[in-house]
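Have a look at the model first.

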Amino acid sequence: SLGATSVTPPTFTQLTSRAEAIFRGEVTTLRTELITRGESRAIFTYVTFRIQEILKGTVPASAGADHTVTLEFLGGTVGELTMDVAGMPRFSVGQTELLFVEKNGQHICPLVSMMFGRYRIQRHATTGAEFIARDNGAPLTSTDDIALPMVAAAFAARVTPLRAAALTPAAFSALIRDEAARVHTP
């Protein structure tokens with residue numbers, strides 16, 4: 001088990017500009033491996049996404065012809081061995097995600113600012129409407145929320161009813177495209 005992970009929350013502009021690629025995709029497979037390099041051993045989790053939409057950049061170099069991409073995360077479980085990395089996003093097969101990706105396979109996490117580079121696409125329990133949630137499950141009501149610290153899910157659930165309506169995937173995607181175009185326009 002690794003100790004605490006400290007990540008400074010980025011602004012929306014920083015998140016968008018640092019990302020080499022931003023895409024919406026569905027988790028299709030999860031695979032873990034124990035890797036030995038010299039005297040060091042570590043567990044890695046490989047998460048494969050079926051890409052539904054690219055919002056910035058190009059599909060990462062590891063993308064397959066079937067429009068999938070596999071991202072490498074430090075940590076996971078192999079047999080009775082577990083390597084837990086605090087703050088590392090955890091994924092589930094079938095979940096749809098919006099990800100801000102940089103340096104896949106070169107860092108412990110291929111997402112910009114770890115958990116700040118992951119946004120879940122969820123459905124409202126009663127209306128069935130899709131909305132964007134942060135890694136901790138709190139609805140994203142504005143791009144200003146991105147720079148807020150990531151609080152525990154239980155606290156986020158208590159605060160959520162007091163806030164404005166969450167962004168829809170279409171609205172968040174439009175904001176990302178606009179920001180990516182603004183940042184890259186001379």
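Let's start in the sheet: Thr-45 stands opposite Phe-73 in β3, a strand that covers residues 68–74 and pairs antiparallel with β2 over seven bridges. Strands count as paired if DSSP finds at least two bridges between them, and helices (H or I, at least four residues) and strands (E, at least two) are DSSP runs numbered from the N terminus. Keep in mind that this is a predicted model, where local features need pLDDT of at least 70, side-chain atom pairs count only at pLDDT 80 or more, and totals for chains, interfaces and linings use all residues. Residues are numbered from 1 along each chain as its sequence is written, and side-chain values use heavy atoms, with hydrogens and water left out.

**The chain as a whole**

- The chain has three helices and eight strands, and from the N terminus the order is α-β-β-β-β-β-β-β-β-α-α.
- Of the 186 residues, 41% are buried; that label means under 20% relative accessible area, with exposed over 50% and partly exposed in between (1.4 Å probe, protein chains only).
- Among contacts (heavy atoms within 4.5 Å) with a separation of 6 or more, 62% are between residues 24 or more positions apart.
- The accessible surface is about 9600 Å², and carbon and sulfur atoms hold 54% of that; the areas come from the Shrake-Rupley method with a 1.4 Å probe, and for residues only the protein chains shown count as cover.

**Strand pairing**

**β6, covered on both sides**

- Six of the six residues of β6 are buried, so the strand is largely enclosed by the rest of the structure.
- Thr-96, Leu-98 and Phe-100 are buried on one side, and Glu-97, Leu-99 and Val-101 are buried on the other.

**Aromatic rings**

- How many aromatic pairs does a search of the whole structure find? It finds seven, where rings of Phe, Tyr and Trp (its six-membered ring) pair if their centres lie within 6.5 Å, and planes under 30 degrees apart count as stacked, over 60 as edge-to-face and the rest as tilted.
- Phe-73 and Phe-91 are a tilted pair, because their ring centres are 5.2 Å apart and their planes sit at 50°.
- Phe-73 is in β3 and Phe-91 is in the loop between β5 (81–83) and β6 (96–101), so this pair ties together parts that are 18 residues apart in sequence.
- Both Phe-73 and Phe-91 are buried.
- Phe-100 and Tyr-119 go edge-to-face, at 5.8 Å centre to centre and 75° between the planes.
- Phe-100 counts as buried because its relative accessibility is 0%, and Tyr-119 does so at 1%.
- Phe-100 and Tyr-119 belong to one aromatic cluster with Phe-12 and Phe-172.
- Arg-118 lies over the face of Phe-91, 4.5 Å from the ring centre; a charge sits over a ring if NZ of Lys or CZ of Arg is within 6 Å of the ring centre and within 35 degrees of the ring normal.

**Two buried polar residues**

- Ser-113 lies in the loop between β6 and β7 and is buried, with a relative accessible area of 9%.
- What does the side chain of Ser-113 make a polar contact with? Its partner is the side chain of Arg-18, at 3.3 Å; such a contact is a pair of N or O atoms within 3.5 Å, where within protein one must be able to donate a hydrogen and the other to accept it, and residues adjacent in sequence count only if both atoms are side-chain atoms.
- Leaving out residues up to four places away in sequence, Ser-113 touches Val-7, Thr-8, Pro-10, Arg-18 and Glu-102.
- Glu-179 is found in helix α3 (residues 169–183) and counts as buried at 10% relative accessibility.
- The side chain of Glu-179 makes a polar contact with the side chain of Thr-13 at 2.7 Å.
- Not counting residues up to four places away in sequence, Glu-179 touches Phe-12, Thr-13 and Thr-16.
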